[in-house]
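My entries follow the viewer.

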Amino acid sequence: MTEHPTTAPAPKKGGGGRFFVGLVGVTLVVTYLIWTGVTETMVYYLTPTELMARVQEDPTFREMGVKVSGQLVKGSWQRIGPNHHRFEITDLEDPQSVVTIEYADGLPDTFNDQADVEVVAEGRLRDDGVFEATLVLTKCGSRYEAAPEDLAG
Amino acid sequence: MGVMLGALMLILGVVLFLLLPILRGEWAGMARSKGELTDAEARKRAALKALRDVEYDYHTGKLDDADYSDLKTALSRDALHAMKRADQAEQAESGEVASAHSGSAATTGDDDLEAEIERARAGLRAGRACGNCGELNVEGSRFCVTCGATLASEAAQA
Amino acid sequence: MTLLGEIALWVALPVALWGTVLSFVGGRQDRGDLVLSGERAVHAVFALLLVVSAGIIAAFLGDRFEYWYVASYSNRDLDTYYKISGLWAGQRGSLVFWALLLSLFSSITVFGNRFKNREFMPYVTGTLLAISSFFLIVLLFANVNPFERLDFLPADGQGLNPQLQNYWMTIHPPTLYLGFTAFTVPFAFAISALLTGRLDARWLVLTRRWILLSWFFLTNGIVFGMRWAYEELGWGGYWFWDPVENASLLPWLTATAFLHSIQIQENRGMLKVWNMGLVTLTFLLTVFATFLTRSGLIESVHTFAQELTIAVIFLTFMGLLTIICTVLIVWRWPLLKTENQIQSFVSRESAFLFNNLIFLGAAFTVLWGTLLPLITEGLMGEKIAVGPPFFNRVNIPIGLALLALMGIGPVIAWRRASTRNLRKNFLFPMLFGIGVFAAFAVAGSRQWMALTTFGLSAFVLAIVFVEFWKGTRARARIEGEGAARAFYHLVARNRRRWGGYIVHVGVVMIFTAFAGEAFDDEITQTVNPGDQILISSPFGHDYTLEYQGVSTTLRTGNMAWQAMAFLTVSKNGRPVGTMTSEKRMYFTWEAPVTEVGILSSPLEDLYVIFEDAEDLAGAVQNEAGSQQVTLEVQVNPLVGWIWYGGLIMTIGSLIAIWPSRGSIPATSVAHVEPEPAAAAV
């Protein structure tokens with residue numbers, strides 16, 4: 001059934017290189033942008049255990065901006081001033097490893113220390129061992145869903 | 001109970017719906033129907049549209065004379081080539097002699113090329129070339145014979 | 001009804017598989033009867049999925065909490081509106097909804113082409129049904145069956161997250177899904193073109209409207225999502241470069257590139273292989289986005305592991321598709337040879353090519369930034385994150401380049417632009433753009449990126465304006481029409497072009513709004529009743545917000561309490577109204593939810609967030625001593641231009657989609673002919 005497929009007229013000579021020049025040029029620029037973008041804006045994304053380990057290894061690590069994420073400890077949320085909060089997170093895999101976080105801005109609505117909430121905080125570890133956060137997020141996405149056990153309650 | 005019945009009817013209905021064409025030998029159309037868009041036709045329209053756009057660009061002062069004539073030559077050649085192929089395809093399909101409005105498709109040669117291009121351009125300006133599908137219509141037509149759009153000719157004559 | 005829906009889901013899969021096989025076999029063997037059966041399978045699958053969807057909605061409306069999906073996304077007191085939209089509230093229902101929309105579009109395609117394009121259709125039908133089959137397989141076998149039952153009956157459901165109970169959030173997923181699924185049709189035509197070898201100008205012409213339609217929905221879907229984020233997530237921002245957002249942006253970027261590159265193929269017969277690659281890539285990205293938006297896959301290897309079944313199935317599907325498409329393209333390579341070459345970098349072809357390369361570059365950076373945490377964790381064991389600073393840093397230069405191209409593309413000549421052409425068409429707009437840039441710089445601003453955006457925006461607007469002006473004037477002169485009529489006919493005769501220009505104007509407005517963010521301001525203040533917050537906008541408007549107090553209503557609607565922080569607002573000394581920001585406690589949610597207050601004007605938004613209360617419990621009881629609150633007030637300049645720009649993009653794309661009368665010749669009346677089996681030989 002397949003009819004004789006149509007053939008295209010013969011291509012004109014020369015100039016095909018321009019396509020590749022453009023392609024290479026844009027690729028180089030984009031690679032450069034990504035490279036500098038990553039190296040200049042990346043932050044380490046650590047668990048509390050990793051954060052503590054890094055700081056012990058290398059005390060100057062405190063100066064780096066990092067992201068630390070972990071499970072919010074239930075009942076650990078305290079209000080220490082107008083719009084100033086303190087709470088604790090533990091490592092998902094090692095509940096012994098705890099980091100205390102202070103945050104001087106509004107917490108996201110999904111922040112709830114009565115439920116199982118995972119928190120991501122970006123900031124610096126202070127000398128007194130408290131993590132001073134410039135940004136606090138909670139993991140949502142699929143967390144809009146519930147496990148069957150929760151429904152029985 | 002009601003659900004089971006409903007489900008059974010659903011399944012039965014679907015199965016019948018799917019099998020009947022095969023059982024009764026009903027066929028969907030498999031071949032191209034007459035007058036359907038062909039490759040040649042699509043190219044012809046694209047070429048004539050490009051030519052029309054060049055005319056438009058020139059009339060709105062975006063192209064000066066030198067650019068205009070360069071582009072016009074190149075595009076007219078493309079347009080003519082496309083029109084010839086379209087006519088050939090049409091002839092092959094219908095077996096008829098090309099009707100009047102296809103013009104000089106049968107002849108070749110530079111004189112005819114010039115004449116054809118002149119006709120195309122004149123057609124565009126006089127409103128015989130349809131602004132919608134690019135078809136060159138018989139002079140005095142008010143509606144395009146191919147796509148039915150109103151031709152500009154009546155407005156131009158006003 | 002729900003049980004019937006569950007049965008229908010099981011019936012739909014064999015029907016879809018039947019149709020897939022029969023369509024491909026019938027096409028290959030020239031058996032019109034098999035092809036007809038395959039086409040009927042498309043309609044049957046649509047009907048069955050309607051039953052499935054009705055079954056799910058019935059379960060929601062009937063409070064059937066024995067179904068896990070209903071219990072997870074609904075509760076007795078939920079608004080009926082949200083119960084119905086529960087169909088797409090979560091992953092499982094979303095997959096059904098996706099399959100439903102795909103089957104709808106498949107049905108429309110098959111019905112609309114029953115008398116034409118018959119050479120393409122068997123393979124189009126087969127491809128569409130194959131993809132439907134895949135989604136049905138996922139629904140039935142990947143642990144995501146929406147009809148899964150719990151082994152107990154909860155007294156009530158969990159309820160819907162209050163943040164999702166927002167108008168924009170109910171229309172945002174369906175709109176995006178309409179965009180994703182609509183793109184399957186061009187993909188199916190592309191596969192059909194590859195299989196049949198009909199790689200000429202036709203398959204693009206036939207699918208042009210579907211591509212535009214898909215793009216239309218994608219654009220709207222993304223803008224609705226931004227509106228939801230702005231209103232509901234409460235930070236005054238509308239885009240966070242979050243993996244889910246990025247996933248929906250990726251196909252939009254490649255689809256926009258595709259919209260442009262098909263014009264090159266139409267006009268100059270170039271980029272044929274490129275277009276095949278783009279349509280495949282865009283389709284893969286829509287599948288990727290569908291799969292990503294309702295699962296936590298990207299966040300970490302942990303969540304990945306939890307959802308392993310569905311992850312493996314989707315990745316296998318995408319891998320398989322990639323291999324098949326690559327093989328097909330390589331096989332048909334000789335027929336995809338380019339007919340022309342780029343003759344000059346200074347030409348419209350070149351502008352379109354750069355447009356494409358840059359869009360693909362943007363898509364690549366977004367993909368890279370989104371996957372980086374997973375990649376580094378997988379490869380190096382150490383996780384690195386990049387956030388908005390990375391994405392903004394990389395995408396701003398890219399956006400500026402695209403902005404420039406939006407001005408250059410429409411006006412630069414095909415093949416090779418002469419210096420005359422360049423000078424004639426670009427001099428005035430460039431001067432205008434530079435002038436705008438300089439004006440802002442002279443006024444004291446040092447926000448170079450924003451200024452460049454303004455300058456380029458002015459450049460593009462000047463070019464578009466001049467196009468419309470010259471076009472209308474020329475037409476009015478030639479046709480002897482008045483300006484308004486001339487304008488109308490100008491646009492009507494070439495809707496793609498002028499609709500496209502209008503879309504560009506919308507894009508310019510949105511980019512300008514993005515640049516406006518550079519001039520925003522915010523202040524956080526702890527206030528007692530009577531205290532004032534002062535904030536100014538870059539347009540010279542001075543706002544005074546006077547905090548009046550917190551007023552709480554108890555037990556209202558589905559809320560245990562609703563605490564409203566009340567402010568009166570004056571602009572430049574004149575009272576303009578009141579604003580509230582609230583904390584709400586829904587019965588079905590454990591923590592209070594914040595609702596921001598927004599006062600919009602054409603040039604800027606005033607945005608108030610009730611951050612914190614000194615004594616929230618007391619405030620809820622309306623106690624006089626508990627009125628101290630912390631409020632954040634923002635001025636967001638030009639943010640309204642995102643919504644206006646989105647609306648203009650919608651109008652422009654509708655103009656471009658709108659069919660002109662008789663744009664394809666009327667087809668002859670070929671009907672279904674009974675043909676004896678013997679004649680098939």
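**Ground rules.** I am working with a predicted model, where local features need pLDDT of at least 70, side-chain atom pairs count only at pLDDT 80 or more, and totals for chains, interfaces and linings use all residues. Residues are numbered from 1 along each chain as its sequence is written, chains are lettered from A and ligands numbered from 1 in the order in which they are written, and side-chain values use heavy atoms, with hydrogens and water left out.

**Chain C.** I looked up the secondary structure and found 21 helices and eleven strands. Helices are DSSP runs of H or I with at least four residues, strands are E runs of at least two, and both are numbered from the N terminus. I then checked the overall dimensions. The C-alpha trace spans about 95 × 75 × 60 Å along its principal axes. Buried residues make up 62% of chain C. Buried means under 20% relative accessible area, with a 1.4 Å probe and protein chains only.

**Chain A.** I found three helices and seven strands here. Along the sequence they run α-β-α-β-β-β-β-β-β-α. Of the 153 residues, 42% count as buried.

**Where A meets C.** I picked α1 (residues 17–41) of chain A and α14 (residues 348–380) of chain C: their axes come within 10 Å and cross at roughly 30 degrees. Axes are lines fitted to C-alpha atoms over the stretch in contact, and angles run from 0 to 180 degrees between N-to-C directions. The two helices are therefore roughly parallel, a label for angles under 35 degrees. I listed the contacts, meaning heavy atoms within 4.5 Å. On α1(A) the contact residues include A:Phe19, A:Leu23 and A:Val38. On α14(C) they include C:Phe354, C:Gly361 and C:Trp368. The contact residues divide into 13 nonpolar, three polar and no charged. Gly counts as polar in this scheme.

**One residue in C.** Is C:Ser107 buried or exposed? I found it buried, with a relative accessible area of 9%. C:Ser107 lies in helix α5 (residues 91–112) of chain C. Leaving out residues up to four places away in sequence, C:Ser107 touches C:Val42, C:His43 and C:Phe46.

Technical notes. Parallel < 35°, antiparallel > 145°, perpendicular 65-115°, else oblique. Buried < 20%, exposed > 50% of the residue type's maximum accessible area, 1.4 Å probe, protein only.
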